Amino acid sequence: MREIVTAALQMGPIQKAETRQDVVERMIALLDRAKDAGATLAVFPELALTTFFPRWYMEDQAEVDSWFETEMPSAETRPLFDRAKAYGIGMYLGYAEKTPDGHHFNTSVLVSPQGDIVGKYRKVHLPGHSEFDTDRAFQHLEKRYFEPGDLGFPVWRSQDGILGMCICNDRRWPETYRVMGLQGVEMVMLGFNTPAVNSQMSAEGPEDRLFHHRLSVQAGAYQNATWVIAVAKAGVEDGHPLIGGSLIVDPNGKIVAESTTEDDEMLVHACDLDLCNFGKETIFDFARHRRIEHYGLITQRTGAELPPV
Ligand code: ING
């Protein structure tokens with residue numbers, strides 16, 4: 001049995017006016033609870049250090065850059081890294097990354113229990129748009145502020161398992177999980193910030209959003225025989241609601257823990273990575289069952305092309 005006692009550390013809303021110091025204090029309080037619960041891995045949300053700023057239209061690059069981190073750990077986040085290291089707890093942390101050569105990514109890092117940054121992931125699937133959209137009830141400008149990730153979907157050996165990462169919208173695309181599944185992933189960690197309503201179709205509300213969220217995460221877990229830890233930044237940020245629904249899903253696609261609030265909340269579960277083995281050795285034994293000679297379109301074609309009428 002290879003167990004990782006995993007804490008999903010959901011965060012409630014972060015208002016635009018809140019400082020990174022305010023936020024890191026909340027994160028350390030959650031980490032303290034994870035320690036008390038015996039956790040050895042803590043998963044935080046996407047863009048965990050700030051409000052979900054892609055909802056705001058900005059033209060001044062200096063203002064945009066103020067939402068980004070130029071180093072990680074930074075001065076503000078060093079106390080969080082130090083606390084995790086002192087506790088011997090590994091960590092997934094989502095944040096906005098500005099590289100030394102001026103690139104902007106929606107990023108997550110995997111930190112080992114020894115406090116080393118084991119891996120980095122940059123969000124591949126960027127939803128939304130890049131220009132102000134007057135037809136939308138609110139903006140979702142991830143295509144304006146971030147570049148598509150350039151690191152692919154790697155996995156890393158850490159804490160006696162094979163761990164992978166993705167971010168928010170990535171969870172809706174089966175390719176995300178399958179590329180990691182083809183590397184033997186046993187636990188996918190992901191943070192998300194999901195608006196509770198559809199800015200283009202008001203009939204789609206929180207329950208629909210939660211349904212599609214659970215469906216995507218459960219399918220990804222089952223179809224790749226992997227644990228998936230999905231952690232929300234939730235609640236109302238400056239009048240804009242985000243869904244909760246943080247989840248711990250087992251390799252059979254079963255939800256073993258789900259948050260019940262839209263505030264700072266902790267889920268904890270002892271994830272036995274060996275629960276992945278049966279699925280990987282039977283129904284999803286990729287080597288035995290997949291027929292890649294028929295899958296060419298998946299990487300050869302970006303958009304759908306309809307058959308001739
Ligand atoms: N947020 C949302 C998400 O994928 C979204 C955007 C919501 C797209 C619902 C499509 C449908 O959960 C982020 N940050 O990707």
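Val 43 is buried, at 0% relative accessibility; buried stands for under 20% relative accessible area, exposed for over 50%, and partly exposed for what falls in between, with a 1.4 Å probe and protein chains only. Val 43 sits in strand β2 (residues 41–43), where helices (H or I, at least four residues) and strands (E, at least two) are DSSP runs numbered from the N terminus. Val 188 is 145 residues away from Val 43 in sequence, yet the two are 10 Å apart in space, C-alpha to C-alpha.

A word on the model: it is predicted, with local features needing pLDDT of at least 70 and side-chain atom pairs counting only at pLDDT 80 or more, while totals for chains, interfaces and linings use all residues. Residues are numbered from 1 along each chain as its sequence is written, and side-chain values use heavy atoms, leaving out hydrogens and water.

Now for the salt bridges. Take one to be a side-chain nitrogen of Lys or Arg within 4 Å of a carboxyl oxygen of Asp or Glu, and the count comes to 22. Here are three of them:

| Pair | N to O distance | Relative accessible area |
|---|---|---|
| Arg 78 and Asp 82 | 3.5 Å | Arg 78 41%, Asp 82 40% |
| Glu 97 and Lys 120 | 2.6 Å | Glu 97 5%, Lys 120 27% |
| Arg 301 and Glu 305 | 3.5 Å | Arg 301 30%, Glu 305 54% |

Arg 78 and Asp 82 are both in helix α3, four residues apart, or about one turn of the helix. Glu 97 counts as buried, whereas Lys 120 is partly exposed. Both belong to a salt-bridge network that also takes in Arg 122 and Asp 150.

A few spots in the backbone deserve a look. Met 72 and Pro 73 are joined by a cis peptide bond, with omega about 0°, and Pro 73 falls in the loop between α2 (61–65) and α3 (78–87). Two residues other than glycine have positive phi: Asp 160, near 70°, and Cys 168, near 45°. Asp 160 is in the loop between β6 (155–158) and β7 (161–167) and is exposed at 57%. Cys 168, in the loop between β7 and α5, is buried at 5%.

On to the pockets. On a 1 Å grid over the protein atoms alone, a pocket is an open set of points where a 1.4 Å probe fits, with protein on both sides within 12 Å along at least five of seven lines; lining residues have an atom within 4 Å of a point. The largest pocket holds about 500 Å³ of space, the volume being that filled by probe spheres set on the points, which are joined across faces, edges and corners. Its lining has 22 residues, with Pro 174, Glu 175, Arg 178, Val 179 and Ile 298 nearest the centre. Helix α5 gives the largest share of that lining, five residues.

The second largest pocket has about 390 Å³ of space. Of its 20 lining residues, Pro 127, His 140, Asn 169, Arg 172 and Arg 209 lie closest to the centre.
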